[in-house]
Amino acid sequence: MSFTLPDLPYAYDALQPYMSKETLEFHHDKHHKAYVDKGNEIAGAGSKYDGLSLEDICKTAFSSGDQAVINQIGQHYNHTHFWQWMKAGGGGTKVPGKLEGLVSAYGGLDKVRADFVAAGVGQFGSGWCWLAIADGKLQVTKTANGENPLMHGAKPILGCDVWEHSYYIDYRNARPKYIEAFFDNLVNWDYVESLID
Ligand code: MN3
């Protein structure tokens, strides 16, 4: 397939003050676009990945150690969902029903939040922190660079980009404040729930 840069599902200034228009302009229009453009060069139509879904390209590239595709297509998958994992007026302390059961079994939303923030803060260098489902249970994980839970046998349902390009304009070096603001004020829990099988 060929990959396309999806439009943001909201205006560039919709997530202020938690994520600025300037951050979204650079992050979506420059960074994500670059992953799409490079992804089309190395894994697009006519490549050995042609015909596979985006999810299957992530898994196949990881299992065969195709680092360039792990990087570019992993990031295309991650960012395509990242825009939808946020909305204006997101976050809050209530999650939808199906997710609520998983959160309760994990130990409650406060514990999910604490572990999610700790995962993102603890990721040395660039990467992502995640909520994922494995064996029917919620797990909190982190991955480096463009990797995601699909590559590690789990289904991602929420990810926060902890590359500096995602927060440095708005939070400078304060990565914990960024992840807390993401969790408390931006997460689109309805979209998270829609990813649960
Ligand atoms: Mn990014």
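D115 is partly exposed at 25% relative accessible area, and K111 is partly exposed at 39%. Buried would be under 20% and exposed over 50%, with partly exposed in between (1.4 Å probe, protein chains only).

A word on the source: this is a predicted model, where local features need pLDDT of at least 70 and side-chain atom pairs count only at pLDDT 80 or more, while totals for chains, interfaces and linings use all residues. Residues are numbered from 1 along each chain as its sequence is written, and side-chain values use heavy atoms, leaving out hydrogens and water.

## The rest of α5

Helix α5 covers residues 109–122, and its 14 residues should span 20 Å at 1.5 Å a residue. That expected span is 1.5 Å times one less than the number of residues. The end C-alpha atoms are 19 Å apart, which agrees.

Which residues of α5 are buried? They are L109, V112, F116, V117, A119 and G120. They cover an arc of only 160° around the axis, so they are on the same side of α5; the arc is taken from the directions from the helix axis to the C-beta atoms. These buried residues pack against α4, β1, β2, β3, α7 and α8, with contact meaning heavy atoms within 4.5 Å.

The whole structure has five salt bridges. One of them joins K21 and E25 at 3.0 Å, N to O. These two are four residues apart in helix α1, about one helical turn. K33 and D37 form another salt bridge, their closest N and O atoms being 2.7 Å apart, and they too lie four residues apart in α1.

## The manganese site

What holds the manganese ion? Its protein donors are H27 (NE2), H79 (NE2), D161 (OD) and H165 (NE2), at 1.9 to 2.2 Å. Donors here are N, O and S atoms within 2.8 Å of the metal (3.2 Å for Na, K and Ca); water is not among the atoms, so sites may look incomplete.

H27 lies in α1 and H165 in the loop between β3 and α6, so the pair ties together parts 138 residues apart in sequence. Both H27 and H165 are buried.

Technical notes
A salt bridge is a side-chain nitrogen of Lys or Arg within 4 Å of a carboxyl oxygen of Asp or Glu.
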